[in-house]
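Hi everyone, thanks for coming.

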Amino acid sequence: MMDCIRANELMPWYANNNLPSEEAWLIADHLVNCPACREELRWIIRMAREHQADLEQMPGLTERTWNKVVARTRGLPVVQVNMGHSLLGLSLRVLVEGRGIPMRGDLFLLGYRAPLFAFEAV
Ligand SMILES: [Zn+2]
């Protein structure tokens, strides 16, 4: 049996449908008999919708601002994972380049780099 304190801790994830089904069922069971928690859920859902509407109305970056960001960050790795050692290694990188997100994987063997893959998510 779930109490109100635990239900309220998990309520934001329940409202966003981001809970494992077992916990979601426990909250749903609690909500059947708890008007206070149902009201809390209504409030969370209403706030999430208003927040989403506010985000959608925000202006995006201007072309000039975006170009400045790209110029300063071009080629910077966002994520880089290196495995192996000096003789044999594998490198996976996600870089900032323009508006796309290029991803590259390289194999290192005896200090030489052999590209494995490169593609760009848009
Ligand atoms: Zn409750």
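Before I name anything: helices (H or I, at least four residues) and strands (E, at least two) are DSSP runs, numbered from the N terminus. Going by that, the chain has four helices and four strands. Read from the N terminus, the order is α-α-α-α-β-β-β-β.

Two bits of housekeeping. Residues are numbered from 1 along each chain as its sequence is written. And please remember this is a predicted model, where local features need pLDDT of at least 70, side-chain atom pairs count only at pLDDT 80 or more, and totals for chains, interfaces and linings use all residues.

Okay, overall shape. The radius of gyration, taken over C-alpha atoms, is 23 Å. A compact globule of 122 residues would be near 14 Å, going by the rule of 2.2 Å times the number of residues to the power 0.38. Along the principal axes, the C-alpha atoms fill a box of roughly 65 × 40 × 20 Å.

Take helix α4, residues 63–73: zero of its eleven residues are buried, so it lies largely in the open. Just after α4, Gly75 has a positive phi of about 85 degrees.

Now, the helix packing. Two packed helices are described by the angle between their axes and the distance between the axes. The axes are lines fitted to C-alpha atoms, for helices over the stretch in contact, and angles run from 0 to 180 degrees between N-to-C directions.

First pair: α1 (residues 4–15) and α2 (residues 21–32). Their axes come within 10 Å and cross at roughly 115 degrees. That makes α1 roughly perpendicular to α2; the cut-offs are under 35 degrees for roughly parallel, over 145 for roughly antiparallel, 65 to 115 for roughly perpendicular, and oblique for the rest. Who makes the contact, meaning C-beta atoms, placed from the backbone, within 7 Å? On the α1 side we have Ala7, Leu10 and Tyr14, and on the α2 side Glu23, Ala24, Ile27 and His30.

From α1, the contact uses Cys4, Ala7, Asn8, Met11, Pro12 and Ala15. From α3, there are Ala36, Cys37, Glu40, Leu41, Ile44, Ile45 and Ala48.

Let's stop at the loop between α1 and α2, where we find Asn16 and Asn17. Why is Asn16 called exposed? Because there are 11 other C-beta atoms within 10 Å of Asn16. Asn17 is exposed as well, with 7 C-beta neighbours inside 10 Å. Asn17 also has a positive phi of about 60 degrees, although it is not a glycine.

Last thing, sequence against space. Asn16 and Ile45 are 29 residues apart in sequence and 8.3 Å apart in space, C-alpha to C-alpha. Arg42 is exposed, with 11 other C-beta atoms within 10 Å.

That's my tour, thanks!

Technical notes:
Buried ≥ 20, exposed ≤ 12 C-beta atoms within 10 Å, placed from the backbone. Contact = placed C-beta atoms within 7 Å.
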